[in-house]
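Look at the structure first, then read on.

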Amino acid sequence: MRKRSHRSTAVRGAVAAVTAAVLGVAGLTACDASGDNSPGPAGSTSAAKPSPKPTPTWDTSPRSVAAVGDSITRGFDACTVLSDCPEVSWATGSDKSVDSLAVRLLGKSRAQTHSWNHARTGARMADLPRQMEQAGAVRPGLVTVMIGANDACRGNAETMTSVDGFRADFEESLRQLRREAPKAQVYVMSIPDLKRLWSEGRENPLGKQVWKLGICSSMLADPDDVDAAATARRDSVQERVEAYNKVLKDVCADDKRCRYDGGAVFGYRFGTDQLSHWDWFHPSKNGQARLAEIAYRGVTAKEPVG
């Protein structure tokens with residue numbers, strides 16, 4: 001009995017030793033394949049590297065639309081002088097002649113119950129976080145943004161919103177939306193070419209009289225004055241608008257569910273038919289329809305424009 005026990009113990013010891021050796025080799029092989037300091041076999045991929053998070057697919061047929069922005073999105077001066085006319089808004093209006101983005105995307109009946117206009121006449125970028133909070137509360141499929149003209153349209157060029165301040169407020173606006181509606185898509189329209197609007201509107205005597213009421217004085221004051229100082233003033237406003245548009249593009253690019261229009265609105269050549277016949281500066285119904293076309297093309301495109 002004593003010899004058998006001794007032999008059994010010896011066998012168990014040998015088996016344990018062999019097992020330990022095998023496990024040691026296996027552990028060394030695993031370390032060679034995926035360890036930080038030892039390269040694996042040629043052509044192998046480390047299992048330690050996480051797969052990149054896929055970019056969300058852009059939905060070209062959102063089920064609801066919320067609009068934020070300023071007087072353009074409110075249809076200001078498109079129907080009557082110095083008044084909002086949201087029914088002709090390019091984003092959410094119901095007017096048949098405009099055929100708004102919401103109507104094009106949702107159909108007329110659904111647009112009446114699944115689109116919201118939170119834009120406000122006179123709004124600047126500093127007002128956008130609050131509008132985004134309101135828009136996010138309804139959890140829309142798409143949020144349209146068109147704002148920034150009032151940041152450049154100040155009493156004079158010196159009081160325009162700084163580019164850094166503009167950027168900070170836009171970044172906060174998107175953060176606010178993401179807190180309320182993390183999966184909402186955002187379509188950002190560029191700021192129009194204000195200098196072109198001055199160039200078109202200054203030919204109309206009625207428009208110039210309305211401009212004296214204080215519409216975009218930094219650009220439109222003394223419309224017939226083309227001396228060096230006036231030209232420099234208008235150029236500074238134009239440069240600020242271009243800088244704002246770059247901010248819109250860059251900040252939007254950092255959000256996976258945001259698209260910028262590629263400068264389509266800024267590049268659109270508004271003519272007298274597209275301008276309000278009350279102030280010759282804001283879009284007319286025809287101009288609102290052209291904005292709706294631009295937005296619809298951008299939202300329904302498979303790939304971002306620009």
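A nonpolar core is a set of buried Ala, Val, Leu, Ile, Met, Phe, Trp, Tyr and Cys residues joined through side-chain atoms within 4.5 Å. Buried means under 20% relative accessible area, exposed means over 50%, and partly exposed lies in between (1.4 Å probe, protein chains only).

This is a predicted model, in which local features need pLDDT of at least 70, side-chain atom pairs count only at pLDDT 80 or more, and totals for chains, interfaces and linings use all residues. Residues are numbered from 1 along each chain as its sequence is written, and side-chain values use heavy atoms, without hydrogens and water.

**The core**

The largest nonpolar core has 69 residues. Trp90, Val143, Val145, Val188, Met189, Leu194 and Phe281 touch the most other members. Helix H10 (residues 228–253) gives the largest share of this core, 7 residues. Helices (H or I, at least four residues) and strands (E, at least two) are DSSP runs, numbered from the N terminus. In soluble globular proteins, nonpolar side chains tend to be buried together.

Which residues does Trp90 contact, leaving aside its neighbours within four places in sequence? Among them are Ile72, Val98, Met189 and Ala295. Contact means heavy atoms within 4.5 Å.

**Aromatic pairs**

The whole structure holds 2 aromatic pairs. Rings of Phe, Tyr and Trp (its six-membered ring) pair if their centres lie within 6.5 Å; planes under 30 degrees apart count as stacked, over 60 as edge-to-face and the rest as tilted.

Phe166 and Tyr244 have ring centres 4.1 Å apart and planes at 10 degrees, so this pair is stacked. Phe166 sits in helix H6 (residues 163–180) and Tyr244 in helix H10, 78 residues apart. Phe166 is buried, at 0% relative accessible area. Tyr244 is also buried, at 0%.

Tyr268 and Phe270 make an edge-to-face pair, 4.9 Å centre to centre with 85 degrees between the planes. Tyr268 is partly exposed, at 23%, whereas Phe270 is buried, at 4%.

**The pockets**

On a 1 Å grid over the protein atoms alone, a pocket is an open set of points where a 1.4 Å probe fits, with protein on both sides within 12 Å along at least five of seven lines; lining residues have an atom within 4 Å of a point.

| Largest pocket | 28 residues | Trp58, Lys256, Arg257, Cys258 and Arg259 |
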